[in-house]
Amino acid sequence: MTPDRIGGLAALFNAAAYLFGFAIFFAVLDRSGYEGLAGNLAFALDNQAVMALAMVALYLAFGVALTILVVTLHRYLARGSGTELTMQIASAFGLIWAGLVLASGMTGLVGLQTVASVATNDPDAAATIWSAVGIVQSALGGGIELVGGLWMVLISIVGLQTGLLPRWLNWPGIVVAVAGIATFVPGLGDLAALFGLGQILWFAMLGMLMLRRPVAVPQH
């Protein structure tokens, strides 16, 4: 299997991981009746297995696939001339993002296991720990999408400059990326939802493109 096809499969997997994780958190799990710190802890303990599965999909599996995609997409776009530095910067941000996503998932899984053991003897301490875990996990992956947005906008710019990616992928990519970058601004954190939903479509389109159309360097 060629690197382009491997990257295409990784992109499709990322879209599927997003859909699977979002479906669990928003369609399967029901947070009604769980209020405050104690409620957050009770919700996590009552749904420990399902939440762990969602974290594995949204963070660990996604992070591994993202790493593969960043490397193969670098190769895919490095065939264009005059964009080597931009691609190197973009791929650096992509790998940093993958590391943050993996760290966020591991923090959530370890935190979930920890509070499950602590809650038996000290529910108050467990609730405080789980709240702290949530803050750290959100900071690493999901609360601010600056790093992922920078990777995505740079990839889209290279795609426009080289013609190696079509405009119908690049311009939506820039819009979604800007929404992600803007999440670092206080009051604009809700744009993370737009970033995540937009990326589902972007990853899916990118994956199909890489699978169906191995690129050739444009003639200048």
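Is Val64 buried, partly exposed or exposed, and what is its relative accessibility? Select Val64 in helix α3 to start: at 46% relative accessibility, Val64 counts as partly exposed (buried is under 20% relative accessible area, exposed over 50%, partly exposed in between, with a 1.4 Å probe and protein chains only).

Before moving on, note that this is a predicted model, where local features need pLDDT of at least 70 and side-chain atom pairs pLDDT 80 or more, while totals for chains, interfaces and linings use all residues. Residues are numbered from 1 along each chain as its sequence is written, and side-chain values use heavy atoms, leaving out hydrogens and water.

Helices α1 (3–28) and α3 (48–77) each supply at least two of the patch residues; helices are DSSP runs (H or I, at least four residues), numbered from the N terminus.

Now pick Asp4 and Arg75, whose side chains meet in a salt bridge at 3.4 Å, N to O (a Lys or Arg side-chain nitrogen within 4 Å of an Asp or Glu carboxyl oxygen). Asp4 sits in α1 and Arg75 in α3, so the pair ties together parts 71 residues apart in sequence. Asp4 is buried at 5% relative accessibility, whereas Arg75 is partly exposed at 41%.
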